[in-house]
Amino acid sequence: MAVSERAKRYELIASGSDATLRRLAERVASEAGFEVVRSPEVGMVMMRAVEQVEGIPFNLGEVLVTQAEVKVAGRLGWFMTMGRNLQRALDGAILDAAGEATLESWKEAERILAEEKEARDRDRRREWGRLLRTKVDFEVV
Amino acid sequence: MGYVSFRGGEQAIREAERLSRESRLPENSPFLEVTQVEEQLGAAVDQVMGEGGLYDRQLAALAVKQAEGDLMEAAFLVRAYRTTLPRICYSIPSHTREMFVLRRISSAFREVPGGQILGASRDFSLRLLDFKLMAEKGAPPIQNGRDRGEREEEQEPMTTVLDLLEAEGAVRRTGRRGQDQEPDDITTQGLRFPASRSARLQALARGETGAMTALAYASLRGYGSVHPTLAELRVGYLPLKVRHPVTGETVTVGEVMVTECHAVCAGPVGAEVSQGEGDSMPRFSLGFGLVFGRNERKAISMAVLDRVLEEAKGRSSWENEEFILYHLDGVDSMGFVEHLKLPHYVTFLSAMDRWRSLMRKEVPGDVRS
């Protein structure tokens, strides 16, 4: 199934650091302003996982999250982040709305977030490279 | 029997709480920062997240600090806090095949597809106190991996040992149709017996590590019949996925560290237990464990107890579902045990009255005459 632009944008915003989202959201706010539709709300998502014996889902436990909803240039933006992080939820929602409204500041943000995502992916590959040093090499004696 | 109300002790309670606060913070002792607990006492934080049933490293670290290192008390604080929060939604179920693996070992086979990755492990170290830690001050030097010539590698999806065993027909994972089934939620409905498999796994996932270890140990030592081989034990990050409120698509909010265990069990006399109705093939049976954070002891215990509960069906008193699931919850058990500290003046007076009455009847001269 094709992934929508909005879902791709969510993943891109989610890969940005707090500081980057703050800086980029400020640019959007100075270009077009924003209106808070739903103030950042701290709550829980019950995480489900599929167990491996019968293949049924079960409730593993709750995860603390923060979500917010804003309007930029008449377009709605929503964002949810893990943990208690009101500012990040708000900044993410502002960027999501900016993407919906195809603002100039979003185009710049998209480029910066893509670079940050690439850096994160690289860190992950490095992490796996480090872990591979602990791969067991059995010898028959 | 009626209850009698008493008043008093308010001043003593206030002073006791003040003393408790003071004893947590002796004069001239530097404040322990919550971030230090979060970053350096990871095992405690992981255990509290699991037993508290709420994944948030910062909150769990705060609870550990506030409880002065009492992990059951910390889990209680986290459980109490979660009751103040709204439940936004249920996630899209994550499959552990999606895990970014940090550690993966098998005690069933030497060679497994993708290899055995020890990751960060103390398994092979001697349990000797490291007195060098006494001298640690300030912050550790920054480790720059690039300077050590680190390579970049893409983690490929791993075939699990269970996949191999299933392909050979040694195990059969039953009930794949159940994937669309709505799981029970013991945080909203409470535990009812007989418990569904989903309710049971949820109860085990938030069980108290020590209680689960003790019960699993009892089974392994012979008070039960389950003594498995670990097909796989893994630690890694699972994606937390929700439905986007506008598009309805699945989006990944973040990652949650988990420990997963697949246990393979033989039957009581080597003749493997057949799984599922209408399956005449002898096969190994399975136990499953999945818990928040890195907590291998608990994940293994969960897999053992999962199997115990599947096989038990009243085999012995301790293998009973109610016995196990009611007694492994830390908040329940600590509350019940510690309630004994509360005044029981009236009930004990009643017991004393009965004893005195008995003694009056049994005055030696009267009885023996």
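**Exercise 1. Find how many salt bridges the rule gives over all chains, and follow one that crosses between chains.**

Step 1. Apply the rule: a side-chain nitrogen of Lys or Arg lies within 4 Å of a carboxyl oxygen of Asp or Glu. Over all chains, the count comes to 49 salt bridges.

Step 2. Note the basis. The model is predicted: local features need pLDDT of at least 70, side-chain atom pairs count only at pLDDT 80 or more, and totals for chains, interfaces and linings use all residues. Residues are numbered from 1 along each chain as its sequence is written, chains are lettered from A and ligands numbered from 1 in the order in which they are written, and side-chain values use heavy atoms, without hydrogens and water.

Step 3. Take Glu51(A) and Arg197(B), whose closest N and O atoms are 2.9 Å apart. Glu51(A) sits in the loop between strand 1 and strand 2 of chain A, and Arg197(B) belongs to helix 8 (residues 197-205) of chain B. Helices (H or I, at least four residues) and strands (E, at least two) are DSSP runs, numbered from the N terminus.

**Exercise 2. Describe the interface of chain A and chain B.**

Step 1. Count contacts, meaning heavy atoms within 4.5 Å: 56 residues of chain A touch 86 residues of chain B.

Step 2. Take the buried area, which is the accessible area (1.4 Å probe) that two parts lose on being put together, summed over both. Between chain A and chain B about 6,600 Å² is buried, and carbon and sulfur atoms give 62% of this. Arg48(A), Gln52(A) and Trp128(A) supply 13% of the area that chain A buries against chain B, more than any other three residues.

Step 3. Count the salt bridges across this interface: there are seven. Glu152(B) forms a salt bridge with Arg125(A), with 3.1 Å between the closest N and O atoms.

Step 4. Look for strand pairing, for which DSSP must find at least two bridges. Strand 1 of chain A and strand 3 (residues 94-95) of chain B run parallel and are joined by two bridges. Ala49(A) has Ser94(B) as its bridge partner.

**Exercise 3. Which strands form the open sheet of chain B, and in what order?**

Step 1. Read the order: four strands, 4-5-6-7, with antiparallel pairing.

Step 2. Find the edges. Strand 4 (100-105) and strand 7 (285-292) each have a single partner strand, so one side of each is left without a neighbour in the sheet.

Step 3. Inspect one pairing. Strand 4 is joined to strand 5 (residues 229-243) of chain B by five bridges, and Phe100(B) stands opposite Tyr237(B).
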